Amino acid sequence: MTATPDREALGTLLRHVLELLDGDVAAVYDDLDLADYRPRYSPLVRVLVADGPLPIRDLAARVGVTHSAASQTVAQMSRAGLVTLTPGADARQRIVTLTDRARALLPVIEAEWAATTTAMRQLDAELPVPLADELYAVLAALRRRPLRDRIAGTGLAPTGRPEPTPQVGAAPAGPPGAVTGRGVAGDARTAAGTPR
């Protein structure tokens with residue numbers, strides 16, 4: 001078994017939890033002889049069953065993922081023979097439709113979804129707070145005040161974007177005495193590329 005990530009490495013810990021959850025659901029699909037089916041397909045399949053064929057952008061919005069993430073998942077589903085893509089109203093739009101193969105798998109997909117939902121409720125009963133409740137609380141807190149703002153609130157000074165390399169003899173941008181990414185504005189040594 002892999003060691004548990006450090007508490008301070010929160011991103012690593014979140015990815016580790018997701019890998020454990022998705023890995024076990026993928027193993028269930030493998031046990032059900034659906035080795036080419038991924039857990040990430042089910043939310044898209046469920047939306048397509050409920051709403052019918054949709055453009056990728058609308059599918060992404062309904063599932064709650066980025067257009068890029070939905071597009072990548074749809075491409076994987078297409079390779080697995082679960083969806084087809086047809087041109088939409090304009091050249092950039094692609095409409096996603098479930099294939100007959102996907103529809104034939106729906107009883108197994110729905111059974112797995114129900115079993116996984118029950119298993120997650122059992123896991124939630126072991127936790128101080130249900131996992132989804134905690135994740136929604138985190139999302140709400142980050143919408144109120146993004147992590148970037150919280151980091152800035154610690155006093156970490158932003159370094160800004162790299163400024164273009166100055167021409168020899170040119171003074172750095174900004175009023176004289178202002179601190180820039182290259183030094184103090186008006187300091188000829190910094191402008192000329194001489195270390196301060």
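In the protein chain, 35% of the contacts with a separation of 6 or more join residues 24 or more positions apart, a contact being heavy atoms within 4.5 Å. The model is predicted, so local features need pLDDT of at least 70 and side-chain atom pairs count only at pLDDT 80 or more, while totals for chains, interfaces and linings use all residues. Residues are numbered from 1 along each chain as its sequence is written, and side-chain values use heavy atoms, with hydrogens and water left out.

The protein chain holds 8 helices and 5 strands; helices (H or I, at least four residues) and strands (E, at least two) are DSSP runs numbered from the N terminus. Their order along the sequence is α-α-β-α-α-β-β-α-α-α-β-β-α. Of the 196 residues in the protein chain, 23% are buried. Here buried means under 20% relative accessible area, exposed over 50% and partly exposed in between, with a 1.4 Å probe and protein chains only.

The whole structure contains 2 aromatic pairs, where rings of Phe, Tyr and Trp (its six-membered ring) pair if their centres lie within 6.5 Å, and planes under 30 degrees apart count as stacked, over 60 as edge-to-face and the rest as tilted. Tyr29 and Tyr37 make a tilted pair, with 4.6 Å from centre to centre and 50° between the planes. The rings of Tyr37 and Tyr41 are edge-to-face, because their planes stand at 80°, with the centres 5.3 Å apart.

Leu82 sits in the loop between α4 and β2 (83-87) and, at 1% relative accessibility, is buried. Leaving out residues up to four places away in sequence, Leu82 touches Tyr37 and Tyr41, together with Met77, Thr97, Leu98, Thr99, Arg101, Ala102 and Leu105. The C-alpha atoms of Leu82 and Val96 are 9.9 Å apart in space, and the two residues are 14 apart in sequence.

Attention can now turn to the open spaces. Rolling a probe the size of a water molecule over the atoms shows where empty space is left. On a 1 Å grid over the protein atoms alone, a pocket is an open set of points where a 1.4 Å probe fits, with protein on both sides within 12 Å along at least five of seven lines, and lining residues have an atom within 4 Å of a point. The largest pocket has a volume of about 2100 Å³, a volume being the space filled by probe spheres set on the points, which are joined across faces, edges and corners. Its lining has 40 residues, of which Leu18, Leu21, Asp22, Leu131 and Leu135 are the closest to the centre. Two or more lining residues come from each of α1 (10-31), α2 (41-51), α4 (67-79), α5 (100-126) and α6 (131-144). By type, the lining of the largest pocket comprises 28 nonpolar, 5 polar and 7 charged residues; Ala, Val, Leu, Ile, Met, Phe, Trp, Tyr, Cys and Pro count as nonpolar, Asp, Glu, Lys and Arg as charged, and the others, Gly among them, as polar.

The second largest pocket holds about 240 Å³. Its lining is made of Val17, Leu21, Leu123, Leu127, Pro128, Val129, Leu131 and Glu134, and α1 and α6 are the elements that give two or more residues to it. This lining divides into 7 nonpolar, no polar and 1 charged.

Two arginines and an aspartate complete the picture. Arg62 belongs to helix α3 (residues 56-63) and is partly exposed, at a relative accessible area of 45%. Beyond its neighbours within four places in sequence, Arg62 is in contact with Val47 and Asp51. The side chains of Arg62 and Asp51 make a polar contact at 2.5 Å, that is, a pair of N or O atoms within 3.5 Å in which, within protein, one must be able to donate a hydrogen and the other to accept it, residues adjacent in sequence counting only if both atoms are side-chain atoms. Arg145, in the loop between α6 and α7 (147-152), is partly exposed at 37%, and its side chain reaches the backbone oxygen of Asp149 at 3.4 Å. Asp33, in the loop between α1 and α2, is exposed at 72%; its phi is near 60°, a positive value in a residue other than glycine.
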